[in-house]
Protein chains: 2
Amino acid sequence: MAAEAAANRRIVLRSHVTGFPKESDMGLVATGTAPSRVPEGTAGAVLLKNLYLSCDPYMRGRMSKHEEPSYVPDFVVGEAITGYGVGKVVDSSHPGFKAGDYVWGSTGWEDYSLIKDPSKALFVIRHPELPLSYYTGILGMAGFTAYVGFHEICAPKEGERVFVSAASGAVGQLVGQFAKLMGCYVVGSAGSDDKVKLLKEKFGFDDAFNYKKEKDLNVALKRCFPEGIDVYFENVGGAMLDVVLLNMRVRGRIAACGMISQYNLDLPDPVHNLTAVIVKRLRIEGFVVSDHYGRYREYEETVARYVKEGKIAYVEDVAEGLENAPAALVGLFSGRNVGKQVVVVARE
Amino acid sequence: MAAEAAANRRIVLRSHVTGFPKESDMGLVATGTAPSRVPEGTAGAVLLKNLYLSCDPYMRGRMSKHEEPSYVPDFVVGEAITGYGVGKVVDSSHPGFKAGDYVWGSTGWEDYSLIKDPSKALFVIRHPELPLSYYTGILGMAGFTAYVGFHEICAPKEGERVFVSAASGAVGQLVGQFAKLMGCYVVGSAGSDDKVKLLKEKFGFDDAFNYKKEKDLNVALKRCFPEGIDVYFENVGGAMLDVVLLNMRVRGRIAACGMISQYNLDLPDPVHNLTAVIVKRLRIEGFVVSDHYGRYREYEETVARYVKEGKIAYVEDVAEGLENAPAALVGLFSGRNVGKQVVVVARE
């Protein structure tokens, strides 16, 4: 038992994935010994004890084998899954980090990770008085994604009509609240009545609907937006995007953040209504949050204050234990999570 | 014969169109008398003798009956088709226009048109020393569309790789030449070998292909753009757009000017590859040239100079006679025209 406890457990990719990912595409491996120091002679590195891991839809892309490189590399079969997480610095040979620092950023799905270029991968957490897990979401990548995507890509104005898909997810719940703080009219879609309730009662959306219960998404959108949509924050793609195009207003903007409905399909769903882009002078713009991290610190301060003042609500779906990380990740693609999906590796 | 010559002939829409338009959807009607004066008591109007009419793909939309209003109104059955054209002012009760002025703008498909709000519809031609028909194209709506779409919506940089579809058309031939003037690498697609030859030999495109002869458009694009496309000027939509998405470079821009392949379809062709918008941070933006006319005069001066200096080539496909206007318009949708499609109603 003592030897097992001392192993550095990790979740590895067993094989590249096609179609929907399964838990069995990943596996827990416990080998080696949990390290306690950055190896001798390794300059500029930190040893992290991982505390919280983030499950994010974009990770699906990394599970496949791509012929052409994407903006993030494919996972390597047999090696630990990598992703965003929160950890505590155990040892450091980098001047920007010291033992005891809490950090968030790119790490491994394992008990301990050696991060060799930490100034590129990690941010020191400036508000450790807030729940540390928040740095996997509202105070980390997902929150900053919502902020950049909404405020910069959508270029919203007070009073505009905003639609958010996958609205109870890590990003969607925050987009909706940022939009309400700006004085917009906000409607969200989600995949269960409980999530719809959360949108209306917890996150303050003006309206919401369960897309699985709507016979005709076009009718649902026309009901919620009789005068059309100015801003669409796109998290799902496919059929929803197609009917949104029909319901956009002139000079509407679509921030393409994710298309989770499409990631597991060999042939993505057809979109037919792109002529609307011309007639209505629409702008559809994709973005990747890592292009914008130069302004993250400003975001962290703003939103840490919002959280402390109770201006923003935030819901997490917490899975306990590294061994449950594969199920948590796979669950994203069936919408099993309610709110931001986090995995607790250790609490301290 | 004298009475017939004195009639005001006009081309009317016989019925709203579904699917591909036919010549028989329109008809020539000769009634009334050719007017020679703005009617007594009609202030602020001009009477135009129409000289040249422009056939433009966007007109297809106006031939259908729409439930929701578009950016231009539907044609009215039994009334004259309206569109862009060049005319001579015969009489004017508007202080901004005088008899003898040559003008271009919105007019009717008829011998004479009474324009009741000419300051909104017409520009006085400042370079009547150039061929007047050029104001249906290079010096009018199509040319300014190419300029605004390329320089503003595409935001090109010197050395970037530019792809233009429907490249020998009124807009495409100019986009390609504007791009060459900026120092871009430019490839165009067109629907015949003769058009491809024109692109390479007359308009100075770096490369061009006949999309009807390519077995696989993706292979054609990869051959012409081994490193991908920075800027796509979209005139066709559908299958071409779908493969272009696969070949765009990171931070590429797509100006959606037209989608002529889609205008006659009940169910537009599917586009599957929109997830590329996220991964590559693409921007797809539609625009309508009439939003930009505030800067037209600057364009007119610049391009009139280009034409005089021989910096820009321009090819027109000229149909003789108002009675041949329906066939000329319908021909756009099978790509029968080579270059800008113009109809001559009268030469003076």
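Let's start at L241(A), a residue of helix α8 (residues 239-247) of chain A in this predicted model. Its relative accessibility is 3%, so L241(A) counts as buried, the cut-off being under 20%. Leaving aside residues up to four places away in sequence, L241(A) touches Y232(A), E234(A), I254(A), M259(A) and V271(A), and also L274(B) from the other chain. For a sense of scale, pick T107(A): L241(A) is 134 residues from T107(A) in sequence, and their C-alpha atoms are 33 Å apart in space.

On one hand, three bridges join β11(B) to strand β8 (residues 161-164) of chain B, and the two run parallel; here F163(B) stands opposite Y232(B). On the other, β11(B) is joined to strand β12 (residues 248-256) of chain B by five bridges, again running parallel, and E234(B) stands opposite A256(B).

Staying with chain B, follow α4(B) (residues 141-153) to α5(B) (residues 172-181): their axes come within 9 Å and cross at roughly 45 degrees. The two helices are therefore oblique to each other, and α4(B) passes α5(B) in a right-handed crossing. On the α4(B) side the contact is made by G143(B), A146(B), Y147(B), F150(B) and H151(B), while α5(B) supplies L174(B), V175(B), F178(B) and A179(B). By class, that gives seven nonpolar, two polar and no charged residues.

Now look at the corresponding helices in chain A. The axes of α4(A) and α5(A) lie 9 Å apart, and the helices pack at an angle of about 45 degrees. That makes α4(A) oblique to α5(A), with a right-handed crossing. G143(A), A146(A), Y147(A), F150(A) and H151(A) of α4(A) meet L174(A), V175(A), F178(A) and A179(A) of α5(A). These residues divide into seven nonpolar, two polar and no charged.

How many of the ten residues of α5(A) are buried? Eight are, so α5(A) (residues 172-181) is largely enclosed by the rest of the structure. The buried residues are G172(A), Q173(A), L174(A), V175(A), G176(A), Q177(A), F178(A) and A179(A). Their cover includes α4 (141-153), β8, β9, β11, α10 (296-309) and β15 (340-344) of chain A. Just after α5(A), G183(A) takes a positive phi of about 85 degrees.

That cover brings us to β15(A), our last stop. Five of its five residues are buried, so β15(A) too is largely enclosed by the rest of the structure. In a regular strand, side chains alternate between the two faces of the sheet. Both faces of β15(A) are covered: K340(A), V342(A) and V344(A) are buried on one side, Q341(A) and V343(A) on the other. Strand β3 (residues 46-54) of chain A pairs with β15(A) in the antiparallel sense over three bridges, and L53(A) has V343(A) as its bridge partner. Strand β14 (residues 316-320) of chain A pairs with β15(A) in the parallel sense over five bridges, where the bridge partner of E320(A) is V344(A).

Terms used: Residues numbered from 1 in each chain as written. Chains lettered and ligands numbered in written order. Predicted model: local features only at pLDDT ≥ 70, side-chain atom pairs only at ≥ 80, totals over all residues. Heavy atoms only, no water. Axes fitted to C-alpha atoms, helices over the stretch in contact; angles between N-to-C directions. Helix = DSSP H or I, 4+ residues; strand = E, 2+ residues; numbered from the N terminus. Parallel < 35°, antiparallel > 145°, perpendicular 65-115°, else oblique. Left-handed = near helix turned anticlockwise from the far one by under 90°. Contact = heavy atoms within 4.5 Å. Nonpolar A, V, L, I, M, F, W, Y, C, P; charged D, E, K, R; others polar. Pairing = 2+ DSSP bridges. Buried < 20%, exposed > 50% of the residue type's maximum accessible area, 1.4 Å probe, protein only.
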